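The following exercises are to be worked with the sequence and the coordinates at hand. Each task is followed by a solution in steps.

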Amino acid sequence: MPDILVLYYSRNGSVAQLARQVARGIGEVPGMNARLRTVPPVAPVTRVAEPPVPGSGAPYVERADLEECAGLLLGSPTRFGNMAAPLKHFLDGLGAEWASGTLVGKPAGVFTSTASMHGGQESTLLSMMLPLLHHGCVVAGIPFTEPRLSSTRGGGTPYGASHVAGPGDDPEPSEDEAVLARALGRRIAGLAARLG
Ligand SMILES: Cc1cc2nc3c(=O)[nH]c(=O)nc-3n(C[C@H](O)[C@H](O)[C@H](O)COP(=O)(O)O)c2cc1C
């Protein structure tokens with residue numbers, strides 16, 4: 001069964017919750033399966049030994065996940081209007097995959113979470129699209145035929161799925177945010193099924 005890689009970083013759980021909704025959407029496409037993976041944190045001393053397997057949640061991503069996936073989604077918290085360093089650090093190590101065209105032609109989407117409503121969701125989503133374009137992915141967002149895109153009072157953008165966690169950093173997505181995250185997962189999986 002073809003897998004769609006859902007690769008995310010989350011420190012406080014909001015992006016992890018969105019990843020689960022995206023994965024549900026992927027599972028709604030017949031024959032498609034979500035493969036949830038994360039990246040290790042980075043530290044000022046970057047060669048800190050991390051356990052090979054995270055204590056909880058999704059396993060760390062491996063190169064094979066990129067080769068084997070039929071499509072992928074990247075998720076990150078917004079950090080000063082940009083993706084978080086751990087995801088960027090992982091992406092910066094993909095020179096070999098770029099050179100060999102591992103991701104060329106694979107559909108891809110993005111998702112994020114912010115504390116504030118206008119805290120840079122779109123800029124973060126766009127920042128995650130740039131490396132995907134360099135890798136030759138077919139980048140897709142959420143079309144306005146999804147009615148909640150026009151009615152959401154929180155997250156959810158045409159550039160990708162999102163969540164507004166608020167000042168208390170509530171990780172639980174609203175109904176609109178969850179529905180739109182599932183729609184994005186369905187869309188990327190549906191495109192992968194059609195592109196074969
Ligand atoms: C260093 C840092 C920078 C941040 N920058 C922003 C920002 O630019 N805009 C914003 O709304 N929230 C910002 N936040 C808040 C996070 O994006 C928000 O809490 C997010 O929901 C965390 O996702 P997570 O629970 O998956 O870790 C920042 C948080 C940190 C720690």
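**Exercise 1.** Determine whether D65 is buried or exposed in this predicted model.

*Solution.* Step 1: the relative accessible area of D65 is 5%. Step 2: the cut-off for a buried residue is under 20%. Step 3: D65 is therefore buried.

**Exercise 2.** Identify the salt bridge in which the side chains of R37 and D65 take part, and state where the two residues lie.

*Solution.* Step 1: the side chains of R37 and D65 form a salt bridge, with an N to O distance of 3.3 Å. Step 2: R37 belongs to strand 2 and D65 to helix 2, so the pair links distant parts of the chain, 28 residues apart. Step 3: R37 has a relative accessibility of 19% and therefore counts as buried, the limit being under 20%.

**Exercise 3.** Which salt bridges does R35 form with D3 and with D65, and which parts of the chain do they tie together?

*Solution.* Step 1: between D3 and R35, the closest N and O atoms are 2.8 Å apart. Because D3 lies in strand 1 and R35 in strand 2, this pair ties together parts separated by 32 residues in sequence. D3 and R35 are both buried.

Step 1: between D65 and R35, the closest N and O atoms are 2.7 Å apart. D65 is in helix 2 (residues 63–68) and R35 in strand 2, so here the parts tied together are 30 residues apart in sequence. Both members of this pair, D65 and R35, are buried as well.

Step 2: as a general principle, side chains of opposite charge can pair when their charged atoms come close.

**Exercise 4.** Describe how strand 1 and strand 2 are paired and how the chain passes between them.

*Solution.* Step 1: strand 1 (residues 3–8) and strand 2 (residues 33–38) run parallel and are joined by 6 bridges. Step 3: the chain leaves strand 1, passes through helix 1 (residues 14–27) and reaches strand 2, which gives a right-handed β-α-β crossover.

**Exercise 5.** Which residues does Q17 touch, when those up to four places away in sequence are not counted?

*Solution.* Step 1: Q17 is located in helix 1. Step 2: its relative accessible area is 18%, so Q17 is buried. Step 3: the residues touched by Q17 are P171, E172 and P173.

**Exercise 6.** Examine F80 and D169, two residues with positive phi that are not glycine, and state the location and accessibility of each.

*Solution.* Step 1: the phi of F80 is near 50°. F80 sits in the loop between strand 3 (71–79) and strand 4 (82–83). With 90% relative accessibility, F80 counts as exposed.

Step 1: the phi of D169 is about 60°. D169 occurs in the loop between strand 7 (161–164) and helix 7 (175–195). Because its relative accessible area is 34%, D169 is partly exposed.

Definitions and conventions
Residues numbered from 1 in each chain as written. Predicted model: local features only at pLDDT ≥ 70, side-chain atom pairs only at ≥ 80, totals over all residues. Heavy atoms only, no water. Helix = DSSP H or I, 4+ residues; strand = E, 2+ residues; numbered from the N terminus. Buried < 20%, exposed > 50% of the residue type's maximum accessible area, 1.4 Å probe, protein only. Pairing = 2+ DSSP bridges. Right-handed = clockwise from strand over helix to strand, strands pointing away. Contact = heavy atoms within 4.5 Å. Salt bridge = Lys/Arg side-chain N within 4 Å of Asp/Glu carboxyl O.
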